[in-house]
Amino acid sequence: MKSSPGGIEVINPLRHVGEAQYAEFWQKLFSTVLAGFWGHFFFLICLGLTLFFGVRKRNWRLAAIFAFIAAIIAYGGGILAFFKLVKLY
Amino acid sequence: MAGGNSGNGKAGGSNSKAGGGDIFQGGDRTVHPLGILEAIGFIEEAYADESGGAEIDPRRLTTPVRWEFMEIGFRSSFVSGLTAALLSPLAIGVLEKNVPIFGTTNPSVFDEACGLLLAMIFSMGYSIFLAGVATKYLGGYTRAMVTNLLFGVSVSSALKALIVFLAFHMLYFFVLTDANVIGFIQFLYKFNLQYDAAVSIFLWIKNFKSVFLTSAYFVVLTSAFFVAVPYAAMFWAHLRNKKLIDAGVVNVFKEGN
């Protein structure tokens with residue numbers, strides 16, 4: 001952690017937290033969103049919204065976007081783990 | 001729109017019931033749907049008119065217009081069906097533990113159900129949507145609209161299933177052969193691929209490729225099922241209409257009226 005941030009450097013997260021801590025934050029975020037309870041929860045919410053917008057609201061663009069997000073949540077963890085970008089378990 | 005309230009007809013907002021139904025003569029707007037939502041709008045309007053007592057001659061729905069409904073049904077379901085079909089190898093891969101879901105290749109039953117649900121969500125949503133539309137017919141006029149729309153959807157689903165079935169079989173028998181996979185891995189060696197990684201890629205493709213055969217049949221079965229749902233809804237609507245007509249609650253156009 002560096003001291004006395006100034007100018008545009010103030011938005012650089014490494015000015016405020018250590019590199020390891022920052023990397024851990026992203027690791028935790030991905031492992032929370034792409035796996036476990038919250039992964040399943042967000043996935044089901046997205047599928048529900050897909051059906052809601054597709055069938056009820058007849059807005060197929062939004063339905064397709066939510067289906068795409070659901071697919072990313074379901075399979076994104078596997079892809080990131082394959083490239084050793086995150087450790088999910 | 002043929003079912004509109006304007007024009008020289010006596011239909012539209014008429015409240016006449018059985019025995020005193022008005023004969024619809026025509027409206028200002030012509031039925032000319034450009035997209036699925038517009039087609040459904042025409043169906044809903046005509047359904048509202050028929051429910052309100054209008055007797056619309058089905059012959060007013062001319063051959064070009066019937067063809068338009070069919071074409072819209074075909075176009076609207078083909079692309080969405082094709083994208084949905086492409087997700088099925090992933091879902092089957094999850095079931096056969098070749099593809100990780102939620103970051104694991106050892107999924108629970110719930111995870112497997114999620115994979116299947118995702119693969120079927122497009123078809124399922126569209127099928128439920130069409131089932132709702134399929135119930136919005138009463139007389140011959142709206143029935144002709146609905147049947148033509150559903151016929152287009154059925155033809156497109158059959159074509160999509162055929163294309164996917166052939167494509168997946170071709171992938172299995174002609175594309176993912178051992179010789180082709182080895183050639184692909186040799187190509188990857190140019191990018192400094194490690195030997196262990198090359199072996200694992202080869203084994204993964206060898207195990208995974210059978211997924212395409214299962215997926216081919218899965219797509220055919222799900223296509224048939226999701227086409228059957230709107231027809232089942234239409235059959236339910238037919239029974240409902242029969243009861244309403246027999247009870248004299250509504251009056252529909254009959255030849256010779």
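## A walk through chains A and B

Let us begin with chain A, where 25% of the 89 residues count as buried; a residue is buried if 20 or more other C-beta atoms, placed from the backbone, lie within 10 Å of its own. This is a predicted model, in which local features need pLDDT of at least 70 and side-chain atom pairs count only at pLDDT 80 or more, while totals for chains, interfaces and linings use all residues. Residues are numbered from 1 along each chain as its sequence is written, and chains are lettered from A and ligands numbered from 1 in the order in which they are written.

Chain A holds three helices and zero strands, with helices being DSSP runs of H or I of at least four residues and strands runs of E of at least two. Its radius of gyration, taken over C-alpha atoms, is 18 Å, well over the 12 Å that the globule rule (2.2 Å times the number of residues to the power 0.38) gives for 89 residues, so chain A is more spread out than a compact globule. The C-alpha trace of chain A spans about 55 × 35 × 20 Å along its principal axes. Among the contacts in chain A with a separation of 6 or more, 43% join residues 24 or more positions apart; a contact means that two C-beta atoms, placed from the backbone, lie within 7 Å.

Now turn to chain B. Seven helices and two strands make up its elements, and from the N terminus on they run β-α-β-α-α-α-α-α-α. Of the 257 residues in chain B, 41% are buried. For chain B, residues 24 or more positions apart provide 80% of the contacts with a separation of 6 or more.

Notes:
A residue is buried if 20 or more other C-beta atoms lie within 10 Å of its own, exposed if 12 or fewer, and partly exposed in between; C-beta atoms are placed from the backbone.
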